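Open the model in your viewer and keep the selection tool at hand. We will go from stop to stop, picking residues as we go.

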Amino acid sequence: MTRHRTTRLLLAALAATTLSLGASSAHAGFAESLPKGTFLLDLQYHFSWLEGAWDNKGRMGPLIPVIERYEPGGGKQGTLIPDASVRYHILAIQLQYGILDWLAVGLGVPVVLRTEITPRLKWIPGDFQPQMGRPYSESDFWEWAESMGQPRPGRWVGNRGVLGDLVLGIRLRWSDWIPAFEQAGFASALTVTGALPTGRPADSEEVVAAGTTMWDLQTQGNLSIHLGFDKRFRTELDDRLTLGVEVFYDWFAPRRFDAPSGERNPLLMNFEPFIGTSYVIDPGDFVGASFQADVVAAKGPARAAWISGFDPARAHAFPPLLTLSVRYTFIHSCQTDYRSQSDLWDYTQEDRWRPGYRNILTFTALFSFLRLGAPLQIYATYRTLSLIPGRNARAADVFTAGMRVPAKFW
């Protein structure tokens with residue numbers, strides 16, 4: 001194998017698996033804020049699966065390009081197809097607090113429970129080889145690699161209970177300062193979040209591996225800025241519809257990674273002599289917009305229980321029993337830059353992270369039992385990048401099950 005060609009296989013760390021797992025997918029609207037003095041504990045379980053990627057022409061293909069092998073100065077040995085499959089299991093713990101009715105802060109703690117990557121390597125025989133009397137078979141190819149001390153890449157399982165990047169956030173609902181907004185049923189909020197580098201990068205010596213940083217998970221940038229607007233139809237539609245729009249920008253900070261030295265994979269992962277002991281990735285930033293519709297499917301009865309102070313009016317102001325939401329998100333991703341001692345290696349990596357875009361659909365069902373006198377909300381979300389074609393983007397799907405518990409102590 002040529003070293004630069006096999007780099008495409010080595011990138012089976014396969015980032016972009018769990019794009020945007022944030023709690024916003026479970027919230028109704030883009031401008032909601034916790035009431036003053038209220039805590040909200042949000043527990044989320046995310047299961048993400050990834051089987052393919054949209055190429056530069058918007059066609060679905062394998063996560064890693066095929067690798068064509070040729071005899072030195074001779075015919076084609078065959079084609080190696082890395083049809084990789086990735087699974088992520090993540091627990092996200094979020095705690096939010098309403099400092100004022102229009103100002104809230106939050107902390108997010110993602111914990112990767114388990115990651116599984118299956119290379120599923122396939123082989124298509126090439127030209128007839130006179131010295132062998134037949135084309136190269138798959139076993140012929142890997143026997144040659146193993147004779148050089150290189151094992152065949154197998155299924156990788158890791159990240160058992162590994163911490164991701166911690167997220168700190170603040171939301172300012174500035175529309176509360178303008179009475180005309182409230183009268184017209186409009187609300188707007190500015191949300192800023194920042195990530196602390198507490199996650200673990202992928203093992204540089206493994207052929208297939210994945211880390212738990214924002215770069216690996218593609219959850220959000222190291223700094224994320226969102227501006228959202230909501231419109232409630234209180235009188236026209238009996239307050240059963242909310243339409244929202246949000247624009248956002250995500251900045252990813254450059255990160256330095258150790259270069260593989262071939263300690264466990266001498267043929268596939270020995271880049272240190274060519275690129276140096278380390279290299280820097282400057283990820284491409286995100287810019288995009290979301291559009292959402294929240295429909296109240298069932299308001300439910302308003303019971304004057306202890307959580308409303310036995311006040312019927314306060315109970316009636318609680319969220320409805322069942323809200324169904326659909327969201328469309330468009331994300332443009334900028335070019336990712338690699339910096340090492342090898343310009344050719346940098347170019348090879350950057351070719352896999354060219355500018356592109358993602359089209360994301362998110363469907364959420366939110367059950368709120370506050371009106372019934374129980375401080376509990378549960379929800380389920382399905383988020384997909386595989387239904388609408390994108391470009392230079394991984395087509396990940398994510399299922400989320402969550403539970404939120406509000407509390408007020410003063």
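Start in the largest nonpolar core, a group of 19 residues. This is a predicted model. Select L63, V86, Y88, I117 and W156, the residues with the most contacts inside this core. Nonpolar side chains tend to be buried together in soluble globular proteins.

β1, β5 and β6 (103-118) each supply at least two of its residues. Which strand gives the most? It is β5, with three residues.

What does W156 touch, beyond residues up to four places away in sequence? Show T115, E116 and I117, then E206, V208, A209 and A210.

Next, move to another core, which lies apart from the largest one. This one has ten residues, including W215, F271, I281 and Y338.

**Aromatic pairs**

How many aromatic pairs does the structure hold? The count is 16. Select F39 and Y97 to see one of them. Their ring centres are 4.5 Å apart and their planes meet at 40 degrees, so this pair is tilted. Planes under 30 degrees apart would count as stacked, and planes over 60 as edge-to-face. Trace the chain between the two: F39 is in strand β1 (residues 38-54) and Y97 is in strand β5 (residues 85-100), 58 residues apart.

Now compare a second pair, Y279 and Y338. Is this pair stacked or edge-to-face? It is stacked, with 6.2 Å from centre to centre and 15 degrees between the planes. Again, distant parts of the chain are linked: Y279 belongs to strand β15 (residues 278-282), Y338 to strand β18 (residues 337-339), and 59 residues separate them. Are Y279 and Y338 buried or exposed? Both are buried.

**Charges over rings**

Select K231 and F233. The charged end of K231 sits over the ring of F233, 5.3 Å from the ring's centre. Then go to R394 and W353. R394 lies over the face of W353, at 4.3 Å from the ring centre.

**Last stop**

Finish at A187, in strand β11 (residues 186-196). Leave aside neighbours within four places in sequence, and show its contacts: A31, S175, G228, F229 and D230. Then draw a distance from A187 to V398, using the C-alpha atoms. The two residues are 211 residues apart along the chain, and those atoms are separated by 29 Å.

Terms used: Residues numbered from 1 in each chain as written. Predicted model: local features only at pLDDT ≥ 70, side-chain atom pairs only at ≥ 80, totals over all residues. Heavy atoms only, no water. Helix = DSSP H or I, 4+ residues; strand = E, 2+ residues; numbered from the N terminus. Contact = heavy atoms within 4.5 Å. Phe/Tyr/Trp six-rings, centres within 6.5 Å; stacked < 30°, edge-to-face > 60°. Buried < 20%, exposed > 50% of the residue type's maximum accessible area, 1.4 Å probe, protein only. Lys NZ or Arg CZ within 6 Å of the ring centre and 35° of its normal. Core = buried A, V, L, I, M, F, W, Y, C linked by side-chain atoms within 4.5 Å.
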